[in-house]
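I opened the notebook for another browse today. Here is what I looked up, in the order I got to it.

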Amino acid sequence: MNHTGIDKVTYGVADIEAGKKFWIDFGLTPLDNGSGHEAFAAQNGSVVELRPVDDPDLPSPVGEDVNATVREATFGVRSKEDVQALAANLSEDRDVREDADGSIHTVDPLGYGLSFRVTQTTRVKAPEQEVNVPGRATRVNKRADKYDHATPLEMSHIVYVTDDIEPHKEFYVDRLGFKLTDAYPGRGYFTRGAAAHHHHNLFLLNPGHGKRGFHHVAFEVGSIHELFGGGNNMTRQNWETMIGPGRHPISSCYFWYFKNPCGGAAEYDFDSDVVDDNWEAREWESTPENFAEWALAEGMASEMMFKGIQGSFRDKPAE
Ligand SMILES: [Fe+2]
């Protein structure tokens, strides 16, 4: 099956205005897609859509955050034939609705809204990495870029908390053809679309507390400088860090997560593993050190920045 990755996430959210500000500050571009709903795009055309919590077209919320959560994840596939094959498969034991735009909609075994469509994303290319290290200078006579905000290139993954992880994983991997890329056996499974190259497009996590719910969506940015520029901008805009900045040993990326009024968190990532069928999945012990090589728990708020540097903005009276 030719799943290309994540195309769209649809939130049901009570406070649409707060959600709108969050995604604009995060760096997505407002989109007029004719749906009548607020929508925002990453550079590759992957979309975040915000709908009212009582939208009759949305599946019921999963988990406790009924006023702010993802209600449906849409994965792209290469062709109409792929969509038809998935529709035939899913129709065997659940209701599948086809919309006028050709997308199909159902729910997964835990009730999470699941949709497939011919992908509407395009390939994007980050700017050349110009990095100077001894013997390998790629930025000569040129100052490095500095970012006052991020402009995410693409949405890369979604994470669900699950309390029934083995059947949940089997549904996506054994039945729908997602590929397993790494695992905390019995506790967490990283999977990617079969035609995608992100380390993961869908991560299922069972933290062992018997609950289920949406956890976060992640976006790739083009450089480490952009990741820090984006995170610092979100902090200046008074969005709260969930965790970060930091670095994941699994998938290798730098990360920074922000709490999202639409539900869960949104994550900036940089330098994630890119994989194909030659990737060797590993089993990992579920430890804090395997989650993060290092991480700041509460971001880099102004009281932590420029400490002791005389004359910094910290010392200036508020306007
Ligand atoms: Fe993530």
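Entry 1, the model. I noted at the start that this is a predicted model.

I traced an open sheet of 10 strands with mixed pairing, and wrote its order down as 19-12-13-14-11-15-18-17-16-20. Which strands stand at the edges? I found strand 19 (282-283) and strand 20 (294-295) there; each has a single partner strand, so one side of each is left without a neighbour in the sheet.

I picked strand 13 (residues 188-192) and strand 14 (residues 202-205), which pair in the antiparallel sense over 4 bridges. In that pair I saw T191 opposite L202 of strand 14.

I followed helix 1 (residues 16-26) across strand 15 (213-220), strand 17 (254-259) and strand 18 (265-270), and its angle to strand 18 is about 5°. Helix 4 (residues 224-236) lies across strand 16 (241-247), strand 17 and strand 18, at about 20° to strand 17.

H157 sits in strand 11 (residues 154-161) and H216 in strand 15, 59 residues apart, so the pair links distant parts of the chain.

Are they buried or exposed? H157 has a relative accessible area of 4% and is buried. H216, at 5%, also counts as buried, because the cut-off is under 20%.

Notes. Residues are numbered from 1 along each chain as its sequence is written. This is a predicted model: local features need pLDDT of at least 70, side-chain atom pairs count only at pLDDT 80 or more; totals for chains, interfaces and linings use all residues. Side-chain values use heavy atoms; hydrogens and water are left out. Two strands pair if DSSP finds at least two bridges between them. Helices (H or I, at least four residues) and strands (E, at least two) are DSSP runs, numbered from the N terminus. Contact means heavy atoms within 4.5 Å. Axes are lines fitted to C-alpha atoms, for helices over the stretch in contact, and angles run from 0 to 180 degrees between N-to-C directions. Buried means under 20% relative accessible area, exposed over 50%, partly exposed in between (1.4 Å probe, protein chains only).
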